[in-house]
Amino acid sequence: MLIPLLQASPWALFIGRFHPVLVHLPIGFLLIAALIEIGRRTGKISVSESTVVFVLFWSAVSATFACIAGYLLSLGGGYDEDLLGAHMWKGIGVAVFAWVAWLVKSDRLAGKLSFGKAVYLPAFAVAVVLTMTAGHDGGSLTHGDGYLTQYTPEPFRSLAGMDPIEEKAKEIKPITDIQQAVVYKDIVQPILEARCTQCHNASKKKGDLRMDELALLMKGGENGPAFVAGKGAESDMIKRCLLDESDDNHMPPKGKPQLSTEQIALLSWWIDQGAPAEKKVSELTVPDQLKPALASLGGGPAAGGSATGGSAGNAKQKESAIATLKVTPAKEADIQALRKAGLIVNTLSQDQNLLEVSAVNAPKFSDKDIALLLPVAEQVTWLKLGSTQITDNGLKEIAKLKNLTKLHLEHTGVTDQGIAQIKGLPHLEYLNIIDTKIGDAGLKNIVALKGLRSIYVWQSAVTDSAVAQTARQTPGLQIVNGFSEAEVAQFLKAGDSTATKPVAASKK
Amino acid sequence: MEKLLKELQHAELHRQTRRHFLQSAGFGLGALGLGSLLGSCGSSKAGEVAGASESLAGSGIPQFAPKAKRVIYIHMAGAPSQLELFDYKPELVKYHGKDCPAEFLEGKKFAFIQGVPKMLGPQGKFAQYGQSGAWLSDYLPYLQTVADEITFLKAMHTDQFNHAPAQLLLHTGSPRLGRPSLGAWAVYGLGSENRNLPGFIVLASGGRQPDAGKSVYGSGFLPSVYQGVQCRTGGDPVLYVTDPNGMNRNIRKKTIDAINEINRQTYEEVQDPEILTRISQYEMAFRMQMSVPEVMDVAKEPQFILDMYGVKAGEGSFGMNCLLARKLIENDVRFVQLFDWGWDGHGTNATDNVEGGLRSKCQISDKPIAALIKDLKMRGLLEETLVVFGAEFGRTPMQENRNGVVMPYMGRDHHLEAYTMWMAGGGVKRGYSHGETDELGYYGAKDRVHVHDLQATILHLMGFDHEKFTYPFQGRNFRLTDTEGKVVKQVIA
């Protein structure tokens, strides 16, 4: 009966997947046994030795089951062999030493073994230490090497001699000039890194496939090569992406972040073009259908000063925080109080309980009315205070609206001091400071906000050079200024000549 | 029968709520108007007017957070030719002057084409623009500058080939009269924000109203507070809204109060909810006396803005309507509908054709549309305002041969199988093109979008599931998309 189990059968894998569940039992049991033992020996607690032995017994039992499940899981393959071996032997060690420690204290053997007493503590200690190291190896197998300490902060980072934190390229950075982009390095690799290499890397190698280097990707895995150069549609990696998500062979696996249609098209196109390692976009043929997908990689901020200039298409933005925020409903009385003050209060959607508050009908709204917002501080996510009498003092209170995603402050008296107050808003995505006194210092403060996506600064004290600088330094943030006279003049010229000016083709 | 009984019950509830509300409205009639017309006063802005029945309670709250809070819908009545403006068909050039293939004609009916017409090659010069490489013709030199803000729908299709029914289908979801328009649904669903302005404003240009008349912005079976209010583009924006000579605002106020009091008493007797609409319209009109001239006054706009739109203060035009649309949106009006008449390029005369005639229509409209997009963007309005551009249908790849005679000018007949619309801002992708037509631009070949799909998508962007956003009338729940429509997820950013 055991034989089929020990091969990579569905049963084996089914049980194997319980390894991460079971494995926490011996860890917990052993540590608690050790704690009790220490407490007992130092006289802090009074428990009988049998308590410890009882817990030890279950540590040994659960460690044994965890080992079996772990072995079955490893049959599925895809793990770094060395690390797996170390993890396995340490795990087995935990079970063995736990059994030893238990045996020498158990009723049957306790009296018979003269060396029992000498063995007990060392065996126990070894089991505990092995638990920790085996646990760490297990973590590395699952999450990848270095996962635990990846974000070690300074100064410990330099003390430990680690490299500075490397931002994982989870979201693909916009490309400034698509025509000059190297297809593999600038387009394909970032997609693979964002969606594939988490499992197909040096330490994890699922399906014996590594996708972190071009040569290894070409080599393929246990199911053969990942792609056939020149034939995107027949390539395994493309076919798997296109399979229905519920299909077992679909990649990335169900529940993991999926490739967008554009990304699949880009990968497929690169393979169609022979999967070149060095070629630039301009050196390859680009079919019309692919152009939007290519253009979508460009999505940077609008170029300084211009409302629309430079901003190309949109790199798929990450979903707004609005989609995931969920709060408890605001009290009806608090909402009514706001309405009484002339504010519009609308529920944003049916089940999230977020509120939109607008002072469009309350131009007299001022700092002293801000207190009305505090009872619904958690719920307000869109706040429109444009053309009201609010000042810097009011912003101090607005900083408490933690779930704010959209803030309209246009045509108000707020200044740099005020805007500095709200630089802690974690979800703020949209900020309108048109026609305010906010200048470059305030801008600098506010663009540090991680979630910020768009900021409108027309007629404020923000300078053109600060706009340009911000646009350069903060990709992903759209900073929009109004028109300069020159831009209006240029816009008006667009209709002067009837000759067509194909921008896309002439751009270098 | 059960449904009818339920509706009766709803109507009953409806009245009681209304009476109750009226009686408790101790703070004057102004609040009454507000309560029914505007979302700003009650949590159940729609429910307030439509009654407190349970099935409606939720309709005022979007199913999901809206991406488009407001809409500017630009309708080119008469239907411009997509083949001259947006849908580049190099293959059609080769077929220019050749007989139309039989498979395009078998079993088909056209508004005017008879027998076997000739194919008509594109009249515009096409090129790609922006980083997105959008194809546009030289008819639209200004739109090229904002190509990267736009999502094109290249394979739109509809069911109707005559102007009025096609316009009704597009705006109300049915080719027959009696349904609420998209703008009415939007205000019914999301309410109105600025208490001094109607939530749904209509501006028309081109010298004529759309063929389908006021029904394209009517409220159908929804309470008539939701209908579009048409404002004039030049002169007084709303006729008779200013005080006549010798009558000051106080007298006007007293008059309106007196009229409303009589209306209120009548309502107590006959319980017709339309009387409430009337009361609130009086209230609104009174407030509009102050607010509308202010909002509609472009004299305070800086010269460069006027230049961008190509307008002069005091002169009504399509460009002026675009500028007014921006000003209305800036003042939180929910839905602004623009109509421009004169795009019906059959080729019958010097203005109705797809060569010079269409070019001159584009010269009038292209700059202000591009200016509108840029203007909305620099004010931080574009990302929450959906701009929709399109017409009731498209035009044939064949040259029109009305009565079997070749037209004096290049013209195309009405075409329902494939045409182009576009959207910008309000949660749609930037620099994207959805759908393709076949090589001659006759049928949609990929990712076709029916007008019902477009309606579903616009409602989705405004936060509503078009299948759940309903209004009970005559025993069943009605929705904008009737029994059809699929949200075009691909165009949503």
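**Ground rules.** The model is predicted, so I keep in mind that local features need pLDDT of at least 70 and side-chain atom pairs pLDDT 80 or more, while totals for chains, interfaces and linings use all residues. Residues are numbered from 1 along each chain as written, and chains are lettered from A, ligands numbered from 1, in the order written.

**Chain B overall.** I found 14 helices and 17 strands; these are DSSP runs numbered from the N terminus (helices H or I, at least four residues; strands E, at least two). Of its 493 residues, 59% are buried, meaning 20 or more other C-beta atoms lie within 10 Å of the residue's own, with C-beta atoms placed from the backbone.

**B:Pro122.** I looked this one up in the loop between helix 6 (90-94) and strand 2 (126-129) of chain B. Is B:Pro122 buried or exposed? It counts as buried because it has 22 C-beta neighbours inside 10 Å. B:Leu83 is 39 residues away in sequence, yet the C-alpha atoms are 5.8 Å apart.

**Helices 5 and 6 of chain A.** I checked residues 49-75 against residues 81-105: the axes come within 8 Å and cross at roughly 155 degrees. The axes are lines fitted to C-alpha atoms over the stretch in contact, with angles from 0 to 180 degrees between N-to-C directions. Helix 5 and helix 6 of chain A are therefore roughly antiparallel, the word for angles over 145 degrees.

Key. Buried ≥ 20, exposed ≤ 12 C-beta atoms within 10 Å, placed from the backbone. Parallel < 35°, antiparallel > 145°, perpendicular 65-115°, else oblique.
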